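I opened the file to see what could be looked up in it. My notes follow the order in which I looked.

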Amino acid sequence: MRISRITVWQMDLPLSQPYFLSGGRLRFDRPDSTFVRIDSDEGLSGWGEACPWGHTYLPVHGPGVRAGIATIAPALIRLDPRGIDHLNAVMDVTLPGHPHAKSALDIAAWDIFGKVAGMPLWQCLGGGHADDSAPPVAVNSSISTGTPEEMIALIRAASADGYRTHSAKIGGSDPRLDIDQMNDISAALPAGETVTFDVNRAWQPGTAIRVLNSVTSRDWVEQPCETLDQCAAVAARVPQPIMLDECMHTMQDHLDAWRHGACQGVKVKPNRLGGLTRARQVRDLGVALGWQMHIEDVGGSALADTAAIHPAAATPDANRLASWLCHYHLAVDPAPGQGARNDRGHATPPSAPGLGVTPNEDMLGTPTAIYE
Ligand code: MG
């Protein structure tokens with residue numbers, strides 16, 4: 001089997017309402033997503049998506065994804081899409097780094113691999129379930145930065161949709177307000193529900209240490225500061241478990257985090273790491289180390305969400321926290337009704353072979369590039 005064609009589409013994914021992170025420092029309205037279809041000479045096709053969640057969240061942007069694919073894709077033509085580690089080696093030689101550009105291609109190759117194997121990706125990635133049905137994965141809400149009242153209202157709305165785990169985006173310029181906000185949200189949290197406070201790197205280490213030693217919450221705190229070393233300094237001096245996200249790009253970053261005791265858990269995001277191949281490697285490391293992980297993607301439609309729910313469903317319960325579904329926030333649905341969707345607080349990966357999501361090409365429009 002050989003790759004005969006790689007087709008690329010761009011689609012803006014407008015949010016149903018503006019979304020703010022990091023005390024309002026970062027605003028998101030319309031993420032730029034890239035969809036990829038790999039066709040093989042034996043008629044099987046695979047789909048992938050890469051959506052950097054705007055251009056202020058990570059050092060990545062939508063046009064950069066497509067520029068990277070333009071450099072990489074010609075080198076993949078005529079290779080066997082089932083040899084995914086080899087594909088990754090070729091991608092790494094052709095363009096070092098740039099994991100966001102490799103992610104959609106890697107996911108599309110996994111989609112073909114699963115279709116050839118006749119198994120859904122959660123099974124290809126090692127998952128099992130007592131009755132062979134797809135295991136449901138707990139999902140978490142994502143609560144945009146706002147006043148405590150606004151954020152509590154969003155948590156209550158998410159609770160009504162079945163979410164029992166929430167990711168509250170905090171971290172402003174006044175530590176006293178951050179302390180009040182965390183205490184207010186903790187006090188208002190419905191019984192039986194949990195919250196992660198995601199700072200999205202807004203704090204200086206001294207601010208993080210001051211705030212986190214002043215609040216009552218002992219829930220997870222995510223990415224308090226910009227760098228791994230800053231987060232490690234905080235982790236050693238606060239009572240909450242620390243989750244790392246934006247500063248984790250390579251396997252070396254994860255090894256450094258372990259060596260420095262910088263966290264007790266990580267976000268595993270295929271688009272940040274380079275696809276399902278790298279996400280699986282990090283997941284396996286996390287299981288070995290005893291980390292607890294949120295496995296989800298950086299952003300995107302139900303296609304990207306589903307690509308991340310597959311490895312989440314294949315991860316031991318003890319090492320898996322809830323997964324975010326970005327498509328819950330979108331005003332468009334280019335894979336209508338398909339894939340992993342919130343069903344009273346859980347999402348179940350498809351049982352069809354491969355990824356189990358095929359976007360509506362009419363909605364994607366005219367391809368931006370075709371490589372063959
Ligand atoms: Mg985060």
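The entries below cover a metal site, a sheet, a pocket and some single residues.

**Entry 1, ground rules.** I am working with a predicted model, in which local features need pLDDT of at least 70 and side-chain atom pairs count only at pLDDT 80 or more, while totals for chains, interfaces and linings use all residues. I number residues from 1 along each chain as its sequence is written, and side-chain values use heavy atoms, with hydrogens and water left out.

**Entry 2, the metal site.** Which residues coordinate the magnesium ion? I found Asp198 (OD), Glu222 (OE) and Asp245 (OD), at 2.0 to 2.4 Å. Donors here are N, O and S atoms within 2.8 Å of the metal (3.2 Å for Na, K and Ca); water is not among the atoms, so the site may look incomplete. Along the chain the donors follow the spacing D-x23-E-x22-D. Asp198 lies in strand S8 (residues 194-198) and Asp245 in the loop between strand S10 (242-244) and helix H9 (251-259), so this pair ties together parts that are 47 residues apart in sequence. Helices (H or I, at least four residues) and strands (E, at least two) are DSSP runs, numbered from the N terminus.

I then checked burial, where buried means under 20% relative accessible area, exposed over 50%, and partly exposed in between (1.4 Å probe, protein chains only). Asp198 counts as buried because its relative accessibility is 1%, and Asp245 is buried at 0%.

I traced an open sheet of four strands in the order S5-S4-S1-S15, with antiparallel pairing. Two strands pair if DSSP finds at least two bridges between them. Strand S5 (45-50) and S15 stand at the edges with a single partner strand each, so one side of each has no neighbour in the sheet. From one strand to the next the twist averages 15°. Axes are lines fitted to C-alpha atoms, for helices over the stretch in contact, and angles run from 0 to 180 degrees between N-to-C directions.

I listed the pairings next.
- S4 (residues 32-40) and S5 are joined by six bridges, and Arg37 has Trp47 in S5 as its bridge partner.
- S1 and S4 pair over nine bridges; Gln10 has Thr34 in S4 as its bridge partner.
- S1 and S15 are joined by three bridges, and Thr7 is partnered by Ile370 in S15.

How much space lies in the largest pocket? I noted about 300 Å³. A pocket is an open set of points on a 1 Å grid over the protein atoms alone, where a 1.4 Å probe fits, with protein on both sides within 12 Å along at least five of seven lines; lining residues have an atom within 4 Å of a point. Grid points are joined across faces, edges and corners, and the volume is the space filled by probe spheres set on the points. The lining has 16 residues, and the closest to the centre are Gln17, Ser142, Leu154, Tyr328 and His329. Strand S2 (19-21), strand S6 (137-143) and helix H5 (148-160) each supply at least two lining residues.

Trp53 is not a glycine but has a positive phi of about 60°. I placed Trp53 in the loop between S5 and helix H1 (62-76). Asn200, also not a glycine, has a positive phi of about 50° and lies in the loop between S8 and helix H7 (205-212).
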